[in-house]
Amino acid sequence: MTEAFFKVEGLNTWFFTRAGVIKSVRDVSFDLRPGEVLGIAGESGSGKSVTGMSIMGQIDEPGKIVSGSIRLNGEELTALSFEQMRRVRGKRIAMVFQNPLMTLNPVMRVRDQMYEAIGEHEHASHAEMRERSIEALRAVGIPSPEERLAAYPHELSGGMRQRVVIATALLNGPDMIIADEPTTALDVTIQAQIIYQMRRQIDERGLGMIWITHDLATLSELADRIMVMYAGARMEIGTTAEIIGTPRHPYTRKLLESVPSRNVPGQKLRQIQGSMPSLLMLGEGCPFASRCERATDICRHTLIEQEFSPTHRVWCHHPHEA
Amino acid sequence: MISFVLRRLFQSLVVVLLLSLVLFVGIWLIGNPVDVMISSEATEADRLAAMHSLGLDKPLWEQYLIFLSNAAHGDWGASFVYKVPVTDILMQRLPASLELAGVAFVLAIVISIPAGLYAGLRPNSPIARFIMTFSLVGVSIPTFWQGMLLIVAFGIALPILPVGDRGQLATHFGVTTSLFTLDGWRHVIMPAFSLCLLKMSLLMRVTRAATVEISKLDYVKFAYAKGVRTWKVVIGHILRNALVPLITVIGIEMGNLLAYGVITETVFSWPGLGQLLINSIKVLDRPMIVAQLTYTALLFIFINFVVDILHMTIDPRMKAVMGRRGA
Amino acid sequence: MNRGFVGFARRFAESPVGVASLVVTLFFIFCALFAPWISPTDPYDLSKLQLTDALKPVGAHKMVPGEEIRLDFAVTGGKASAQGDARGISAEPCGDNCLTVGMKSGGLASLQIRNLPKGATVEGATKHPIQPWWTVANPKDGMVKITSADPLPRDFNFSVVAKTADHPTDFVFRLGTDAFGRDMLSAILYGIRISVFVGIVAAGTALVIGTGLGLLAAWRGGVTDAIIMRAVDFMLGFPSILVGLAILAVLGSGVSKVVLAIVIVQWSYYARTSRALAMSELGKEYVEAARCLRLPAWRIMVRHVLPNCLPQIIVLFTLNIAAAIALESSLSFLGVGLPLTQPSLGMLIANGYQYIFSRQYWLSLYPGIVLLVMIIAMNLLGDRLRDLNNPRLDN
């Protein structure tokens, strides 16, 4: 296995609101290897998107990366100035957003939005930018890309727009892509096509990808490894086989049980009782304790890490048996 | 596109005709201007003679038709008070009003859009708070009172600016305006600021609201994620989208500048159309009132027309909508 | 979530600015309702006005104007006696050739002695060029001395014309007075009353008419909708001040005409808003259900659709009261609004306008501040209500 080129260690991203400090990401660490897809799974509010935006250095006021390190090829991204970080964004780390209908600027032509991504990082002639854009559009399976370049976003379908976004992300040959629920807003058939295209690009180019989603079913098809997050903290991390096949954390189990495709037809869908605790009032213990059937007193006060294999780690006092 | 423009032109024409009719009938209802104009000792014969000379003895519909056909030829009739063609008086007064409105318009745009943009981008900074407080007062403060305060502050307490009149005129390139002289600028700057304060504040708030809303949108985040420089994101993405609602507001407000000129010109004794309109209303100078109100309405209809066209060029999505409506 | 009035009130109370604006607005409504009871004087009672009080600055006392006392004195046997009601004027001899006349309590603006016998004169007085009249302005201690080189005759007559000085009363003009000597505080309180009255009545009438037409347009659709909405577009195309001006140019000035003008300006806002809201409401299932039950149209509109439009209409109402007050004051300032006898705030400011050049700033400063605070408070209140109604701002 190749060395990890991207490492996040002890990341804490907090939001200092008037109501109090919201600890959206707490002590999160993970790494990424070339050609690997790391899935980050969790409900809304689990901190998965904030993790992605932290890596991009795009945390808005009143949020702040409080501590932790984010290293890309050994370079510490959290230490970079705004301008240095700008050169990283779009060039070395690209991002794809959730809603393709909202990701493209409605009053700009596709080509201007693509050329912009090139022109902000290097001096390229008009012809060269056009050449590369067409190539990128073709790579993600857009028919007659020359015509699409002159189109406005509203003239394209949702799936087409997401392909444009992905093509834009690929333009500068980034080391890694962060995809924040890129297929959630799309039809199932389009989803499958997009996932296929993404996987192909990753395999061909050998780039790393972080795929943020609430949808474990998608991850089981696409991801190499999966990290499950809850209320800003890691619950479980492991290879896809480990997480889907032998989930150890009670939360991961519950999450898997609530995926419709895994259930026997006719059986009632299982819900997770209760709701996520307020991020304002988190103690030292396991954040899932209040909703967990296996929780005991110790869960409410401390949180421990248990390793089941070199790749499989769980943060739980009472993990399930294999 | 062309069919859309033609349709809009036709609609506008109908509106103008309707308006002139409403005004004509309305003004006729107020009373006979002859009663105001002739002296109290005049005999009934004098009165009839005066009415005859002004064409007021003809039936109303005939008066309206005469007025309409004359208006189409650029003849709005003669002022009852000044006894000269209305058009001459209007033309004589127009430059002053245009000067004031023009300076006010530029001032409003130049100050409000950057300020609103800033307040939207850094909503929690002290400067943004100041901008918002300023604009709140600006939209609430009645134009006439605020003009008086300016006069007290800069004309009386700190007598650094002149009050009243246009100042020295100069002619260059065939245009006579006070904007070619320093004295003219000293005269125009305070009324122009007073006139634009309300519009400026309103535009600030609209710009800020649009900026706040747009800044949160994914395409702005995506632009940052592409590594686009901040100023390019602000200008190319945020401002460009903010302009879509702004154009409508700017269009309406530009017309309003001319309308509110009525107040500002009265407060600052500015020799423009607004002051003339008020005086005409007070003395019931019928041709004058009708011509001015119709002229202003024409201007408004024209502005609305331009705004629609502008909208279409800025927002490509509109083209689809308009094309469908026009077809 | 937190529904109902208590929940709404609690959320409203979260913003100090919102609460403050509500308090200020209620204060102005209180002033408007109780102006006749809380204002120190009745500014409409022209008989109480006196010119001595005109254009007095802030904090000046109301004056009792001086009066003229005409009195004849008869001196008989060296003793002077007043012929009639002396009203404090007295004359006493101070020797053979001397007589003091005046008011012992002081407070005389001038004293004139007429028709003295030959040889007599008045100390420190200016004599009328022709008439035998001697005048002393502001006599010291209110007394003057009639002297003569020779002893004064034992019997003679003379007359006195005394002008008492204005003297202050306990009544203080806390905000000064206007050119008619009217107490500005009272005038402002009554001005608030008129402005608020015009604002609420005009915006309220516009609300009823506009919302009604908007709902009608939404319900009937077709030609009705087209006509109403074209009329709305037509109205919205022109600035309110111009429409108001045009209407008042036709109708002339007066409270009811100003109200009418504002209604004509504002109905279109309600019509547009209520139509848009009603259209989206009408698309919902419960309306479909109500239609299936064959409920009458007005009942569906009034019982089901209207309550759902109401929150936004109320926001519009709050903002439109402020706009109506501003419009009324502007029209009054231009001299086409309210009549002079019942000045609104705008009229008070307009009346004070000519005096700012002579630095009598209080005439228009205080009504202006009151008007500004009132409009700001109502705008803030409207903004706050709108924020609370806007689900997008919930998080």
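How many residues does the contact take from chain B and from chain C? It takes 36 residues from chain B and 31 residues from chain C, two residues being in contact if their C-beta atoms, placed from the backbone, lie within 7 Å. On the side of chain B that touches chain C, the elements giving two or more residues are α1 (2–30), α6 (126–140), α7 (143–157), α10 (230–267), α11 (273–283) and α12 (286–314) of chain B. Helices (H or I, at least four residues) and strands (E, at least two) are DSSP runs, numbered from the N terminus.

This is a predicted model, in which local features need pLDDT of at least 70 and side-chain atom pairs count only at pLDDT 80 or more, while totals for chains, interfaces and linings use all residues. Residues are numbered from 1 along each chain as its sequence is written, and chains are lettered from A and ligands numbered from 1 in the order in which they are written.

The buried residues of α11(B) include B:L273, B:L277 and B:I281; a residue is buried if 20 or more other C-beta atoms, placed from the backbone, lie within 10 Å of its own. Their packing partners are α5 (86–121), α10 and α12 of chain B, together with α5 (240–251) of chain C. Just after α11(B), B:L284 adopts a positive phi of about 60 degrees.

| Property of chain A | Value |
|---|---|
| Secondary structure | 11 helices and 12 strands |
| Span of the C-alpha trace along its principal axes | about 65 × 50 × 45 Å |
| Buried residues | 46% of the 322 residues |

Methods. A residue is buried if 20 or more other C-beta atoms lie within 10 Å of its own, exposed if 12 or fewer, and partly exposed in between; C-beta atoms are placed from the backbone.
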